[in-house]
Amino acid sequence: METMRDRFAPALSRMLDEDPRVAVVLAEIGKDAFREAMARHPDRVINVGIREQLLVGAAAGLALTGLRPVVHTFASFLVERPFEQIKLDLGHQDAGAVLVSAAASFDWPAGGYTHMSPGDVALLDTLDGWTVHVPGHPDEAETLLHHAVAAGDDKVYVRLSVQSNRQGRVIDGRHFVTIREGRRAVVVAVGPVLDAVLAATEGLDVTVLYATTVRPFDAAGLRRATQAAGNDVVLVEPYLAGTSTAAVSEALSYVPHRVLGLGVGRRELRRYGTIEEHVAAHGLDAHGLRARIGAFVEAGRAAVHV
Amino acid sequence: MTITADDSRVHGYDDLPGLMSLMTGDEKHGPAATSTLDVLWVLYDRVLRVTPQRRDDPARDRFLLSKGHGPMAYYAVLAAKGFVPVDRLAGFGTYDSPLGHHPDRVLVPGAEIASGSLGHGLPIAVGSALGLRAQGLHDPAVWVLIGDAELDEGSNHEAIAFAGPAALERLHTIVVDNSSASHGLPGGIAARFEAAGWSAVTVDGRDHEALYAAFTAPHPGRPHVVVARVEPKAA
């Protein structure tokens, strides 16, 4: 099946043809897919070699001259290794860029922990002004990539994954989408966990919101959903568990509420294997989600009846 | 920030100690503050094609101060050349001052980058040179100033190793060498750049004519480094 990353280079290559502001910065990873684009635009498709600090620093320099750099490599090497460059060369310099990662949480389990980065979104949360897109389908990835490149000089992170829902949804790059309506809780499913969330909540009287843009967090959309479904909120994120609980608490800070943050566990599994095995190990398969969401909703009902 | 009429008077090299004393209250300054003074003066006085009026001109030369600690000489030169009003120097480091102990490009007129954390300027300069080239701006020069101890940072070595083979002809680095690195580069600083395909010159960092000659030396097809030696920090 075609992955989000399969769409990335063809879509961006078209943008390079159409928009003279767009530049691509790579550190070896992903360069083969840009071979033709590099031949057409040798000055705007730049491979700096295996140099991730230079990758981000050079992107900042490109931005300071007026270009719109799109920077791509695996999340571990894009967000974690050059984190100070992201903080200073982009944030502190007041320069923008589009960071596009692949293989974040556990897209390549056989590759082990060196190639996992479940903390990428939480790390960016320590910085101001980042837009974070988490597509759940290749069609959505392409749409969000267009939004990201078109977003002036904003700082935007696009998190590509080989994990995907079966169908793409109509998204606008800002708001949550209501997939299902209920009265007992709001479940926010982020990106590629939607299918598992829908299976897990089958028969439960809950609202399911679908989020593909998590920063800025659609606080108004969440508050609207809670008017019918109450202030019990479950977050299901494909990265570090609890990454967006602060955003939920802030959205509901003036009303009593409960929040359950589900996602990838902090503890290192030290396991290889398959994506499915890792999804299950972190309790993110439909079975694991059903148990925890069900218990959370029941606890809310019990509290009401005490 | 507006530039007042009083600031429009012409300042020369001899005014710099007085301008620096507005920040330090002292005419004797720390090594980090004065090691760059002559390099900065020769650049801004004779080499860089940038003025307060051309601060936003896409075709201006860029000077990126990467060695952001001890920026008093930098602020003094910017004030002497009319980028920063002289009357702002006295507030150096205070809450309402745009002039911090590390420069912020958002606050300091004429500052191309914010710096202070070491090892960021040269990679950004590489990107600036690439960005200008990609837009067909082949004339503007990009200059970045780093210190010899700052050169220890691995990010600089990523940039040095890339810029040579990438033939970034409009990229210029100045290494102010006051022998402050604990573990100096075997074979010398210039050799490290030359091995990566750069043009390199080592000069007396206090000799204005030698600096000017080094800054303006032709270096077709290659980035250029000027190693400016000054008195050792520990001396």
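Reader: Why does R270(A) count as exposed?

Author: The model is predicted, so local features need pLDDT of at least 70, side-chain atom pairs count only at pLDDT 80 or more, and totals for chains, interfaces and linings use all residues. Residues are numbered from 1 along each chain as its sequence is written, chains are lettered from A and ligands numbered from 1 in the order in which they are written, and side-chain values use heavy atoms, with hydrogens and water left out. Exposed means over 50% relative accessible area, buried under 20%, and partly exposed in between (1.4 Å probe, protein chains only). R270(A) counts as exposed because its relative accessibility is 69%.

Reader: Where does R270(A) lie, and what is its phi?

Author: R270(A) lies in the loop between β12 (258-264) and α11 (275-281) of chain A. Helices (H or I, at least four residues) and strands (E, at least two) are DSSP runs, numbered from the N terminus. The phi of R270(A) is near 55°, a positive value in a residue other than glycine. Most residues other than glycine have a negative phi.

Reader: How do you know that D94(A) is exposed?

Author: D94(A) has 53% relative accessibility and therefore counts as exposed. This residue is placed in the loop between α5 (83-92) and β4 (97-102) of chain A. Its phi, near 65°, is positive, although D94(A) is not a glycine.

Reader: What makes the bond between R215(A) and P216(A) a cis peptide bond?

Author: Omega is about -5° for the cis peptide bond that joins R215(A) and P216(A). Most peptide bonds are trans. P216(A) is found in the loop between β10 (213-215) and α9 (219-229) of chain A.

Reader: Why is D152(B) called partly exposed?

Author: The relative accessible area of D152(B) is 44%, so the residue is partly exposed. D152(B) belongs to the loop between β2 (142-147) and α6 (154-163) of chain B. Neighbours within four places in sequence aside, D152(B) is in contact (heavy atoms within 4.5 Å) with H157(B), A181(B) and H183(B). From D152(B) to A190(B) there are 38 residues in sequence and 14 Å in space, C-alpha to C-alpha.

Reader: What makes S199(B) buried?

Author: S199(B) counts as buried because its relative accessibility is 8%. The residue is found in strand β4 (residues 199-204) of chain B. Not counting residues up to four places away in sequence, S199(B) touches H219(B), R222(B), P223(B), H224(B) and V225(B).

Reader: How do you know that the side chains of S199(B) and H224(B) make a polar contact?

Author: A polar contact is a pair of N or O atoms within 3.5 Å; within protein, one must be able to donate a hydrogen and the other to accept it, and residues adjacent in sequence count only if both atoms are side-chain atoms. The side chains of S199(B) and H224(B) make such a contact at 2.7 Å.

Reader: Why does the radius of gyration of chain B agree with that of a compact globule?

Author: The radius is taken over C-alpha atoms, and the globule rule is 2.2 Å times the number of residues to the power 0.38. For 235 residues a compact globule would have a radius near 18 Å, so the 17 Å of chain B agrees. The C-alpha trace of chain B spans about 45 × 45 × 35 Å along its principal axes. Of the 235 residues, 55% count as buried.

Reader: How many helices and strands does chain B have?

Author: Chain B has eight helices and five strands, in the order α-α-α-β-α-α-β-α-β-α-β-α-β along the sequence.
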